Amino acid sequence: MQHRLSPAMQACIDNCLACYQTCFSTAMNHCLEMGGAHVEREHFTLMMACTEICRVSAHFMLIGSSAHKAMCAQCAELCEACAADCERLGGMEECVAACRACAESCRSMAA
C-alpha cells in the first residue's frame, strides 16, 4: 500500500526542502564569502543544524514515519532560532523567510 501525503504534509515537505536548499546555499556562499560573524562557530553550526533537520524532517514525512511529529517540532524550534540569528546578522532575508515558513509548517505538522 502506497503512503499518501495530505496537502498539508506535502506543503510542509516542500517548505522543509526549500529551507534546506536556501540555508545551505546561503551558508556555503554568502556566509563563507562574508566571513567574520557569519562564520563564527555558533552561527555557522546553527545554520548547518537547521539545514540538516529540515532535510531529515522532510525525509521522515516522505517515508511515513510516525516520528515525523517529534522531528517537525524540533525542526520548528531550530528554524526559528536560525531565522532570528540570520536576521540579527543581516543580509540573509531569503534564509530568514525560508526558515520562518518552514517553522510555521512544521509547527502545524507537529500539533
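The buried residues of helix α2 are covered by parts of the chain that include α1, α3 (68–89) and α4 (93–110), where contact means heavy atoms within 4.5 Å and helices are DSSP runs (H or I, at least four residues) numbered from the N terminus. This is a predicted model, in which local features need pLDDT of at least 70 and side-chain atom pairs count only at pLDDT 80 or more, while totals for chains, interfaces and linings use all residues. Residues are numbered from 1 along each chain as its sequence is written, and side-chain values use heavy atoms, with hydrogens and water left out.

**Helix α2 and its surroundings**

- Helix α2 takes in residues 41–63, and its 23 residues reach 33 Å from the first C-alpha to the last, close to the 33 Å expected at 1.5 Å a residue; the expected span is 1.5 Å times one less than the number of residues.
- The buried residues of α2 are His43, Phe44, Leu46, Met47, Cys50, Thr51, Ile53, Cys54, Val56, Ser57, Ala58 and Met61, where buried means under 20% relative accessible area, exposed means over 50%, and partly exposed lies in between (1.4 Å probe, protein chains only).
- Just after α2, Gly64 takes a positive phi of about 80°.

**Overall fold**

- The protein chain has 4 helices and 0 strands (a strand being a DSSP run of E, at least two residues), and from the N terminus on its elements run α-α-α-α.
- The radius of gyration of the protein chain is 14 Å, which agrees with the value near 13 Å that a compact globule of 111 residues would have; this radius is taken over C-alpha atoms, and the globule rule is 2.2 Å times the number of residues to the power 0.38.
- The C-alpha trace of the protein chain spans about 50 × 20 × 20 Å along its principal axes.
- Of the 111 residues of the protein chain, 41% count as buried.
- Among contacts in the protein chain between residues at least 6 apart in sequence, 68% join residues at least 24 apart.

**Salt bridges**

- The structure holds 4 salt bridges, each defined as a side-chain nitrogen of Lys or Arg within 4 Å of a carboxyl oxygen of Asp or Glu; three of them are described here.
- Glu52 forms a salt bridge with Arg55, and their closest N and O atoms are 2.4 Å apart.
- Both Glu52 and Arg55 lie in helix α2, 3 residues apart, which is about one turn of the helix. An α-helix has 3.6 residues a turn, so residues three or four places apart point the same way.
- Glu52 counts as partly exposed at 36% relative accessibility, and Arg55 counts as partly exposed at 33%.
- A further salt bridge joins the side chains of Glu80 and Arg107, at 3.4 Å from N to O. This pair links distant parts of the chain, with Glu80 in helix α3 and Arg107 in helix α4, 27 residues apart.
- Arg107 counts as partly exposed at 43% relative accessibility.
- Arg100 forms a salt bridge with Glu87, with the closest N and O atoms 3.1 Å apart. Arg100 lies in helix α4 and Glu87 in helix α3, so the pair ties together parts that are 13 residues apart in sequence.
- Arg100 is partly exposed, with a relative accessible area of 32%, and Glu87 counts as partly exposed at 47% relative accessibility.

- Glu80 is partly exposed, with a relative accessible area of 27%, and Glu80 touches Arg100, Ala103 and Arg107 when residues up to four places away in sequence are not counted.
- The C-alpha atoms of Glu80 and Arg100 are separated by 6.2 Å, although the two residues are 20 residues apart along the chain.
- Gly91 is found in the loop between α3 and α4, where Gly91 counts as partly exposed at 47% relative accessibility.
- The C-alpha atoms of Gly91 and Asn15 are separated by 21 Å, and these residues are 76 residues apart along the chain.

**Surface**

- The protein chain exposes about 6100 Å², of which carbon and sulfur atoms supply 56%; accessible areas come from the Shrake-Rupley method with a 1.4 Å probe, and for residues only the protein chains shown count as cover.
- Phe24, Met28, Leu32 and Val39 make a nonpolar surface patch of about 310 Å². Patches are made of residues with over 30% relative accessible area and no salt bridge, with like charges joined within 9 Å and nonpolar side chains (Val, Leu, Ile, Met, Phe, Trp, Tyr) joined within 5 Å.
- Within that patch, Leu32 lies in helix α1 (residues 7–34) and is partly exposed, with a relative accessible area of 47%.
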